[in-house]
Amino acid sequence: MRDRFGREIDYMRISVIDSCNLNCYYCNPQDNNKNCQAINTLSVKKVLCIVRAATRLGITHFRLTGGEPLLHPQIDEMVSQIKKIPGVRSVSLTTNAVLLAQHAKQLKEAGTDSINVSLDTIDASEYEHITKKPLLHKVEHGIDAAIECGIRVKINVVLTPQTDVVALTRYASKKGTDIRFIEMMPVGEGHTNGVEPYEKVIGALLEVYGTPCHIDTENRKEINSGYNNADNGPAEYYSFHGLDIRVGLIQAIHGKFCDTCNRIRVTADGRLMPCLGSSVTMDLVPDSCEFTDDLEKDFVIVQALKAAIKAKPGCHNFNDNAVTYTKTTETKTVETKATELKAAEVNAARNMSRIGG
């Protein structure tokens with residue numbers, strides 16, 4: 001299905017749980033997950049309903065996120081069941097990999113197409129400083145286990161002024177995995193920690209590997225799924241002499257890619273988020289709804305998805321704190337309540353752990 005700006009929406013991120021076993025300062029500064037207790041968790045049945053409805057609108061690629069999705073007690077079964085739904089082309093995960101070693105084999109057997117591992121440093125003390133947990137060794141074991149199982153792995157790095165770009169790139173090269181450096185978005189604590197990605201990453205690697213070659217990824221529509229080798233999405237990729245991997249930049253601010261955005265999000269509390277850079281969220285299945293059968297429920301979800309795609313803005317306004325957002329709630333009777341919020345207030349109040357990244 002295309003939105004009102006002509007973009008084809010074929011990719012959905014689903015936050016299946018909002019708890020995490022790490023407490024990265026830029027994601028969860030209040031340390032809300034000390035005991036990994038989930039406030040919201042999507043059941044397998046509900047996720048399957050969402051995916052089934054989404055495929056009817058041409059959404060075919062799905063990424064399961066969190067929180068930390070491997071904390072979901074039925075994550076392996078969830079992947080397996082999603083893969084059985086007609087129309088699904090790929091199912092991928094984004095994980096911190098702490099629990100990946102014990103799940104890798106089952107995830108491969110379930111049909112997982114690719115895994116993105118969030119890893120901001122390979123220095124053990126720095127890792128503990130960032131995450132509040134001394135678990136880097138488990139992450140490395142998880143990466144190795146996934147690679148050994150034959151799952152396509154990419155490493156995602158959230159850029160900060162302290163990021164050791166060269167060390168992380170060398171690590172990724174050793175593992176044979178692509179690496180992407182992600183510009184920190186001004187969400188929650190992120191508004192105080194941003195750096196300019198090209199200068200930080202390419203500048204550092206140029207001194208070691210020489211001038212890079214920009215990789216022309218056709219029409220930039222890559223959804224990082226692993227279903228093929230064409231990378232056409234938010235990442236701008238570069239190759240360097242002496243490196244057999246690609247180095248990607250995902251720049252929400254300095255390389256704004258809203259014109260090619262192909263995604264919508266489902267939060268762990270069962271709401272639709274048309275754009276990460278907007279305060280607009282919508283009910284997926286209003287609590288007041290009562291259904292006589294699954295067909296009626298599917299119809300309601302399809303209508304909610306259509307409304308979310310229609311509500312998707314032309315671009316985010318992360319870099320415009322003067323803009324006014326409208327917070328909208330849709331119900332089954334299409335009643336609408338709106339509250340105006342300043343962008344700075346919206347972004348500062350949200351933690352990435354709650355909205356699926």
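Guide: A residue is called buried here if its relative accessible area is under 20%. The model is a predicted one. The part to look at is helix α8, which runs over residues 294–311. Helix α8 has 18 residues and spans 26 Å from its first C-alpha to its last, close to the 26 Å expected at 1.5 Å a residue.

By that cut-off, the buried residues of α8 are Asp298, Val300, Ile301, Val302, Ala304, Leu305, Ala308 and Ile309. An α-helix has 3.6 residues a turn, so residues three or four places apart point the same way. The cover over the buried residues of α8 includes the strands β1 (11–15), β10 (263–266), β11 (271–273) and β12 (282–283), and also the helix α1 (44–55).

Asp298 is a charged member of this list, and Asp298 counts as buried because its relative accessibility is 6%. Its partner is Arg52: the two form a salt bridge, with the closest N and O atoms 3.0 Å apart. This pair links distant parts of the chain, since Asp298 belongs to helix α8 and Arg52 to helix α1, 246 residues apart. Arg52 has 30% relative accessibility and therefore counts as partly exposed. Seven salt bridges are counted in the model. Another of them joins Asp113 and Lys83, at 2.9 Å from N to O. Here too distant parts of the chain are linked: Asp113 lies in the loop between α3 (100–110) and β4 (114–118), and Lys83 in helix α2 (residues 75–83), 30 residues apart. Asp113 is buried because its relative accessible area is 19%, whereas Lys83, at 28%, is partly exposed.

The largest nonpolar core has 85 residues, and Leu305 is one of the five that touch the most other members, together with Met12, Ile14, Leu64 and Phe181. Helix α1 gives this core its largest share, eight residues. Apart from this core lies another, of five residues, including Ile182, Tyr237, Ile250 and Phe257.

Leu64 shows what such a position looks like. Beyond its neighbours within four places in sequence, Leu64 is in contact with Ile14, Val16, Pro69, Ile75, Met78, Val79, Ile82, Val91, Ser92, Leu93 and Thr94.

To return to the helix: α8 contributes Asp298 to a salt bridge with Arg52 of α1, and Leu305 of its buried residues is among the core members with the most contacts to other members.

Conventions:
Residues are numbered from 1 along each chain as its sequence is written. This is a predicted model: local features need pLDDT of at least 70, side-chain atom pairs count only at pLDDT 80 or more; totals for chains, interfaces and linings use all residues. Side-chain values use heavy atoms; hydrogens and water are left out. Helices (H or I, at least four residues) and strands (E, at least two) are DSSP runs, numbered from the N terminus. The expected span of a helix is 1.5 Å times one less than its number of residues. Buried means under 20% relative accessible area, exposed over 50%, partly exposed in between (1.4 Å probe, protein chains only). Contact means heavy atoms within 4.5 Å. A nonpolar core is a set of buried Ala, Val, Leu, Ile, Met, Phe, Trp, Tyr and Cys residues joined through side-chain atoms within 4.5 Å. A salt bridge is a side-chain nitrogen of Lys or Arg within 4 Å of a carboxyl oxygen of Asp or Glu.
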